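Here are a few notes to read alongside the model. Please keep the viewer open as you go through the points.

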Amino acid sequence: MENYELETIREGTTDIQFPKFDKVSSDAPVFYNPKMELNRDISILALQVFQKRENRDLNVCDLFGGSGIRGVRYKNEIDGIDQVAINDISETANEFERINVELNGLEDITISQNDASLFLRNNRGRFDIIDIDPFGTPSPFLDSAGYCARKNSLLCVTATDTSALCGTYKEPCIRKYNAKPYKSEYCHENGIRILAGYTALILAKYKKYIDVKLSHSTEHYMRLYIEVLKGSKATDESLENIGYVSHCKECLYRETNKGMATSLNETCPECGGKLIHAGPLWLGPIQDKEFISEMIEEAENKELNTKDKILKLLNSCMEEAEAETTFYDVHTLCRVLKISAPKFDLIIEKIKEKGYDVVKTHYSPLGIKTNMPIGEIKEVIADLVK
């Protein structure tokens, strides 16, 4: 092994060594991203809750091992984890994965140097948890994950190609996820729904369907925790959640329509403007209130450096669990109305007074999810400004 200058850090109760590098990139000798500590801490809670629900020892696949931090932490910090398989195509990464397994005195961890998709296809039915955390898009690996995933398993997926999923670059999203995005104020939610919808369609060919337990968009990435279930009839029924979001950029009206080949309105019923369509995407639930509640409880049992941030995020996701698809950005609404923005909390208060549901969203500090029609929301804001 080359003589790298080494750095040792601690996440949770786990020590990790890796070569020092100036910038987080795929060019680093061994990939370690400190900004993803929150992601990994949340994963610890999600996997522990899933393990407790299953009430059995679980086998885990860390598909893109890098320094090994994810797989090593899973074995070290989660009760009821049996075998952990850490895979990375880089020989140097494999060396550091072995170093970090030894550093933490762990057993029952195997290190593999394989192409990610081939590794999954050669281990069909072996894993209860598959974690896909690539540098970029997870798209090329989801078919092999669908083939490999056991019934009642957990699929954890990270996407860092948010510019494609959010619609900044439309063609890459169509190419990678077979869906048309739209860059709106709620594009991060649409991105998560595109990723979930693509995953559902990929898994469907193997008579498997998805139940999203938690999803969040944080900094430069999106993350999904999906329970994989099996059955041809249930899979067919699940695909009824595939559909489209239609948006009017003139007045900010939006609507959802379920169905892969459903007819879509071309004209906005509010202002007569042209509707823009995004999809196909997942219109089913993308948060599971009970699962997230159990994660919040589990946080008290774990030593996590980012606990305060986790609890804030999870409580927000739990509030969103039963809320409407898409959200309204208050400043965007005020720009359309050509008025200055009233106090955010006053808007929420007035919407509640009128008997509608309304919650804040983790996607945006100025975002609200509500079942109040767009015309009435504008009236509430205009009246507050008066």
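Which residues does Lys207 touch, not counting residues up to four places away in sequence? Point 2 has the reply.

1. Some ground rules come before the details. This is a predicted model, in which local features need pLDDT of at least 70 and side-chain atom pairs count only at pLDDT 80 or more, while totals for chains, interfaces and linings use all residues. Residues are numbered from 1 along each chain as its sequence is written, and side-chain values use heavy atoms, with hydrogens and water left out.

2. Let us take Lys207. Its contacts, beyond residues up to four places away in sequence, are Leu229, Lys230, Gly231, Ser232 and Thr235; contact means heavy atoms within 4.5 Å. Lys207 sits in the loop between α8 and β8, where helices (H or I, at least four residues) and strands (E, at least two) are DSSP runs numbered from the N terminus. Lys207 counts as partly exposed because its relative accessibility is 49%; buried means under 20% relative accessible area, exposed over 50%, and partly exposed in between (1.4 Å probe, protein chains only).

3. Backbone angles deserve a look too. Most residues other than glycine have a negative phi, and most peptide bonds are trans. Lys207 has a positive phi, near 60 degrees. Asn178, in the loop between α7 and α8, also has a positive phi, near 50 degrees, and is exposed at 52% relative accessible area.

4. Now for a helix pair. Helix α7 (residues 170-177) packs with helix α8 (residues 187-204) at an angle of about 25 degrees, and their axes are 11 Å apart. Axes here are lines fitted to C-alpha atoms, for helices over the stretch in contact, and angles run from 0 to 180 degrees between N-to-C directions. The two helices are therefore roughly parallel, the term for angles under 35 degrees. From α7, Cys173, Lys176 and Tyr177 meet Ile194, Leu195 and Tyr198 of α8. By class, this contact has five nonpolar, no polar and one charged residues; Ala, Val, Leu, Ile, Met, Phe, Trp, Tyr, Cys and Pro count as nonpolar, Asp, Glu, Lys and Arg as charged, and the others, Gly among them, as polar.

5. Next, helix α10 (residues 289-298), where Phe291, Ile292, Met295, Ile296 and Glu298 are buried. These residues lie on the same side of α10, because they cover an arc of only 160 degrees around the axis; the arc is that of the directions from the helix axis to the C-beta atoms. What covers them includes α1 (37-54), β8 (208-218) and α11 (307-320). Exposed Glu290 and Glu297 are on the face of α10 turned away from its buried side.

6. Finally, the cysteines. How many disulfides does a search of the whole structure find? The count is zero, with a disulfide taken as a pair of cysteine sulfur atoms within 2.5 Å. For Cys148, the nearest cysteine sulfur is that of Cys61, 6.7 Å away, and Cys148 is buried at 1% relative accessible area. For Cys317, the nearest is that of Cys156, 15 Å away, and Cys317 is buried at 0%.

Key. Parallel < 35°, antiparallel > 145°, perpendicular 65-115°, else oblique.
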